[in-house]
Amino acid sequence: MSVSQGSRESYQERSLHHAHPVARRLFQVAELKKSNLVISADFTESKSLLACADELGPYIAVFKTHIDIVSDFSDETVIGLKQLAKKHNFLIFEDRKLVDIGNTVQKQYHGGALRLSEWADIVNLSILGGDGIVEALNQTVTAADFPYKGERAFLLLAEMTTKGSRAVGPYTEQCVELAPAYPKSVIGFVSTRALTAPATGAGDFVVFSTGINMSAQGDGLGQQYQTPQSAIERGSDFVIVGRGIYASADPVATAIAYRSAGWDAYMRRTMKKDEAPTSDN
Ligand code: 5BU
């Protein structure tokens, strides 16, 4: 699959054209906060998870969770996350990687122990089991009695950052082929780079990239990193950083540094020719 360099349109422009309300909101938040940064808040207690959301909330566009690692998940976790998302104006992305038969994922997503549909604006899923999973979740979020209609979206897990990942080749290509069939629920991909040619309106897929770190290449457990600059240059729209920020000595200062790196790379990618500085000015 050829590598595209990603959209050269600004988040502002994309927020005007995109057909999905969650994508429009995402772009608006990015533009307003001048941030394409996502914190991957891999905390195992609600208190630390919420403290991270409050502390880093001002600098991020999206807060990414792994809610199944939170040992004391409860109503308070849900209420806290929703309050902080409102306070700091960020979206919530649950990195749940749903992968099962349609009938099961519907129950895992809407209701269940983790109540994903209630608080996660965005959830990702794998099409390892075929197209049925997307069809099933699309049915759930477009059903007449779904309470958050138009407020929920999915990302297809098209690639993984781990060494030896099997999410490559025909698997990744099938994600790209499938995505346009579900404009009411699928807004993009989790991948290390843009997978589709830039498009406006229908076909504008948002790219989220994990495995971002400015000071390490990996973690000894198979994780492989690239920098925010490299991801954005390869067409990513939102860079997801975990330990690079929350395990640093000063997470706020580090988040600010990552935000600048991601934003500057985005500005360089989207700068129109006639806006480029010339030698006379
Ligand atoms: P890190 O601390 O920045 O390495 O954390 C990366 C996060 O992104 C962590 O929550 C992973 O589960 C998640 N992740 C990933 O690292 N690679 C992938 O391909 C996908 C998710 Br999908």
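**Ground rules**

I number residues from 1 along each chain as its sequence is written, and I use heavy atoms for side-chain values, leaving out hydrogens and water. Since the model is predicted, local features need pLDDT of at least 70 and side-chain atom pairs count only at pLDDT 80 or more, while totals for chains, interfaces and linings use all residues.

**Entry 1: two helices**

I began with helix α3 (residues 46-56) and helix α4 (residues 75-88).

Next I looked up who touches whom, with contact meaning heavy atoms within 4.5 Å. From α3 I noted S46, L49, L50, A53 and D54, which meet E76, T77, G80, L81, L84, K87 and H88 of α4. I sorted the residues of this contact into 5 nonpolar, 4 polar and 3 charged. Here Ala, Val, Leu, Ile, Met, Phe, Trp, Tyr, Cys and Pro count as nonpolar, Asp, Glu, Lys and Arg as charged, and the others, Gly among them, as polar.

**Entry 2: aromatic rings**

How many aromatic pairs does a search of the whole structure find? I wrote down 12. Rings of Phe, Tyr and Trp (its six-membered ring) pair if their centres lie within 6.5 Å; planes under 30 degrees apart are stacked, over 60 edge-to-face, and the rest tilted.

I picked F189 and F205: their ring centres are 5.4 Å apart and their planes are at 50°, so this pair is tilted. It links distant parts of the chain, with F189 in strand β6 (residues 186-190) and F205 16 residues away in the loop between β6 and β7 (206-209). Buried or exposed? F189 is buried at a relative accessible area of 0%, and F205 is buried at 10%. Buried means under 20% relative accessible area, exposed over 50%, and partly exposed in between (1.4 Å probe, protein chains only).

Then I turned to W263 and Y266, another tilted pair, 4.7 Å centre to centre with 50° between the planes. They sit about one helical turn apart, because 3 residues separate them in helix α11 (residues 251-270). W263 is buried at 10%, and Y266 is buried at 2%. I also found W263 and Y266 in a cluster linked by ring pairs, together with Y11, F27, F93, F208 and F238.

**Entry 3: positive phi**

Most residues other than glycine have a negative phi, so I went looking for exceptions. K34 has a positive phi of about 50° and lies in the loop between α2 (21-33) and β1 (37-40). K34 is partly exposed, at 42%. For N89, phi is near 55°; N89 is in the loop between α4 and β3 (91-98) and is partly exposed at 28%.

**Entry 4: one asparagine**

Last, I checked N138 in helix α7 (residues 132-142). N138 is buried, at 13%. Leaving aside neighbours within four places in sequence, I found N138 in contact with Y182, K184 and S185.

Conventions:
Axes are lines fitted to C-alpha atoms, for helices over the stretch in contact, and angles run from 0 to 180 degrees between N-to-C directions. Helices (H or I, at least four residues) and strands (E, at least two) are DSSP runs, numbered from the N terminus.
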